[in-house]
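This report sets out selected geometric features of one model. Headings mark the topics.

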Amino acid sequence: MLLFGMGIYFKDPKVQNVIYSHIGPFYGYFQLIWLTLLIITGLLLLNQHNLYSIILSEEFKNSQFGILLYRKLLIVLLVVIATAIHMYISLKAHGRERTKKEKITSRASSMFIFLFNFSIIWYAINISQYLN
């Protein structure tokens, strides 16, 4: 959210370039840590609540809980893909001016990551009601 906000707040392209070239790589690696923790804790929670044995059953898939869980898993997958695209472009273009296509793709993937993270939180809150 910090880098996203900086992109909106600092309109001067020179200032944006300085900020992103210094903070961006650090944040990218930090994002990988949080994404890895999200996946690990998700797998641990599936195990803790004995969901591995029923997650593929039709009855579970059609339940309200199953629908919420599958939607959350899809969004997590989309965040992983968007993060991979964003990091690929960022690392490829680091130290040089991005092409117009790279800028659009990078900004779009960043926006998707930003929005998808709120969706993940929303689904987590709703799923937690079934686990108590």
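Leu37 is partly exposed, because its relative accessibility is 37%; buried denotes under 20% relative accessible area, exposed over 50%, and partly exposed the range in between, with a 1.4 Å probe and protein chains only. Leu37 belongs to helix H2, residues 13-48. Helices (H or I, at least four residues) and strands (E, at least two) are DSSP runs numbered from the N terminus.

Together with Phe26, Tyr27, Phe30, Ile33 and Trp34, Leu37 makes a nonpolar surface patch of about 620 Å². Patches consist of residues with over 30% relative accessible area and no salt bridge, where like charges are joined within 9 Å and nonpolar side chains (Val, Leu, Ile, Met, Phe, Trp, Tyr) within 5 Å. Accessible areas come from the Shrake-Rupley method with a 1.4 Å probe, and for residues only the protein chains shown count as cover.

## Basis of the model

This is a predicted model, in which local features need pLDDT of at least 70 and side-chain atom pairs count only at pLDDT 80 or more, while totals for chains, interfaces and linings use all residues. Residues are numbered from 1 along each chain as its sequence is written, and side-chain values use heavy atoms, leaving out hydrogens and water.

## The loop between H2 and H3

Asn50 is placed in the loop between H2 and H3. Its phi is near 55°, a positive value in a residue other than glycine. Most residues other than glycine have a negative phi. With a relative accessible area of 57%, Asn50 is exposed.

## Salt bridges

The whole structure contains 4 salt bridges, each defined as a side-chain nitrogen of Lys or Arg within 4 Å of a carboxyl oxygen of Asp or Glu. One of them joins Glu58 to Lys61, with the closest N and O atoms 3.8 Å apart. Both residues lie in helix H3 (residues 58-62), 3 residues apart, or about one turn of the helix. An α-helix has 3.6 residues a turn, so residues three or four places apart point the same way. Lys61 is partly exposed, at a relative accessible area of 31%.

Another salt bridge forms between the side chains of Lys92 and Glu102, at 3.9 Å from N to O. This pair links distant parts of the chain, since Lys92 is in helix H4 and Glu102 in helix H5, 10 residues apart. Glu102 is buried at 8% relative accessibility, whereas Lys92 is partly exposed at 46%. Arg96 also forms a salt bridge with Glu102, the closest N and O atoms being 2.9 Å apart, and Arg96 is partly exposed at 38% relative accessibility. Through shared partners, salt bridges join Lys92, Arg96 and Glu102 into one network.

## Helix H5

Helix H5 covers residues 100-128, and its 29 residues should span 42 Å at 1.5 Å a residue; the end C-alpha atoms are 42 Å apart, in agreement with this value. The expected span is 1.5 Å times one less than the number of residues.

The buried residues of H5 are Glu102, Ser106, Ser109, Ile113, Phe114, Phe116, Ile120, Tyr123, Asn126 and Ile127. Ser106 has a relative accessible area of 2%. Leaving aside residues up to four places away in sequence, Ser106 touches His86, Ile89 and Arg98, where contact means heavy atoms within 4.5 Å.

## Aromatic pairs

The structure holds 7 aromatic pairs. Rings of Phe, Tyr and Trp (its six-membered ring) pair if their centres lie within 6.5 Å; planes under 30 degrees apart count as stacked, over 60 as edge-to-face and the rest as tilted. Phe65 and Tyr130 form a tilted pair, 5.3 Å centre to centre with 35° between the planes. Phe65 lies in helix H4 (residues 64-93) and Tyr130 in the segment after H5, so this pair ties together parts that are 65 residues apart in sequence. Phe65 is buried at 11% relative accessible area, while Tyr130 is partly exposed at 41%.

Trp122 and Tyr123 form an edge-to-face pair, 4.8 Å centre to centre with 85° between the planes. Trp122 is partly exposed, with a relative accessible area of 49%, and Tyr123 is buried at 12%. Ring pairs also link Phe60, Phe65 and Tyr130 into a cluster.
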